[in-house]
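Colleague: I would like a close look at one part of this model. Please take me through it step by step.

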Amino acid sequence: MNNSIVTEFMILGLTQKPELQGALFIIFLFIYFVAFLGNMLIVIAIVYNTSLHTPMYVLLLALAIVDIICATSIIPKILVTMLTSRKTISYGGCISQLFFFTWSLGAEMVLFTTMAYDRYVAICFPLRYSAIMNHYMCVALLSIVMTIAVTNSWVHTGLILRLTFCGSNTIDHFFCEIPPLLALSCSPVRINEVMVYVADITLAVGDFTLTCISYCFIIAAILRIRTTEGKRKAFSTCSSHLIVVSLYYSPVIYTYIRPASSYTFERDKVVAALYTLVTPTLNPIVYSFRNKDMQAGIRKVFAFLKH
């Protein structure tokens, strides 16, 4: 049950310097524009083209939807606070933002692992791929992703709702995330910290480890490819995937593995920008727009719109 006295929170944002607000507004607006339209284009292309209704592209579709939800739960509110003098968010709005962000965080981590497994099966067992990654397996994997993401989000949001906020209502961050909220709590946060730590070890560290193992097997299979051009293309794809995955997991692990007393918000805000703003923008470019089938699917969408 919520015992909070605070009814709204003040969000400080990335910086308090007025001369930087205009530049940051343009940057955030551009990031949201690229992330939203890029991922929405992927959603439309996959839904519209029946040739893309395969496990690989269904997982890409899920990733694009998660990135849209992640970006939309955070960036529009940032833009509003930059445009107006009222830099507040209601208690309910803060909890809603926390829930959707935490959901997208969990979903994205498990999806990265699921997509790595899909690529592992496709490259290491090409003849058995359609038998292993069939319709039922795809539904099962997506169900697991959704179950883990919702459970993770409900647990952390529920634990935040138990806290009392009776002192300062100033969030030294650009959105409602678990660490700055724990720092504001008047009540003990030990249980919250333990559950955050458990989630970080199991989801972030665990999924990152499984993803890396999958890519190790993939790279070993690539080394057996005889053609130099085939190796080059495969290594290029794998390296770009691993860079994006590392950019996502590393700051998440760094942020959530520490107790609330050790948070340094000026630095942590920059770190948080990597997994809240940069990754949703890079995912469409790295995972989809370089793919020939996706390029063909996007061209079909634009051809349809012209008519």
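Which two residues form a disulfide, and how far apart are their sulfur atoms? Please also show me what lies around that link.

Modeller: Keep in mind that this is a predicted model. The pair is Cys94 and Cys176, and their sulfur atoms are 2.1 Å apart. Turn to the S-S bond next. The angle about it is -125°, and the link is left-handed. Now place the two ends. Cys94 sits in helix α3, while Cys176 sits in the loop between β3 and α6 (178-184).

Three strands make it up, in the order β2-β1-β3. The sheet is open, and its pairing is mixed. Strands β2 (88-90) and β3 (170-171) are at the edges. Each has a single partner strand, so one side of each has no neighbour in the sheet. Strands of a sheet pair through backbone hydrogen bonds, in a parallel or an antiparallel sense. For β1 (residues 8-11) and β3, the sense is parallel, over two bridges. Look for Met10, which stands opposite Thr170 in β3.

Helix α3 spans residues 91-124 and packs on this sheet. It touches β1, β2 and β3. Its direction makes about 85° with that of β2. So what does the record say about this stretch? The unreviewed UniProt entry annotates residues 95-115 as one of its transmembrane regions. Others in that annotation include 55-75 and 201-223.

Compare those two stretches in the model. Residues 55-75 are 100% helix, with end C-alpha atoms 30 Å apart. Residues 201-223 are also 100% helix, and their end C-alpha atoms are 31 Å apart. Helix α7 (residues 190-223) has 34 residues and reaches 48 Å from its first C-alpha to its last. That is close to the 50 Å expected. Still, α7 has a kink of about 30°, centred on Asp200.

Terms used
Residues are numbered from 1 along each chain as its sequence is written. This is a predicted model: local features need pLDDT of at least 70, side-chain atom pairs count only at pLDDT 80 or more; totals for chains, interfaces and linings use all residues. Side-chain values use heavy atoms; hydrogens and water are left out. Two strands pair if DSSP finds at least two bridges between them. Helices (H or I, at least four residues) and strands (E, at least two) are DSSP runs, numbered from the N terminus. Contact means heavy atoms within 4.5 Å. Axes are lines fitted to C-alpha atoms, for helices over the stretch in contact, and angles run from 0 to 180 degrees between N-to-C directions. UniProt positions are given in the numbering used here, feature names are shortened, and annotations may be inferred rather than shown by experiment. The expected span of a helix is 1.5 Å times one less than its number of residues. The bend at a residue is the angle between axes fitted to the seven residues ending there and the seven starting there. A disulfide is a pair of cysteine sulfur atoms within 2.5 Å.
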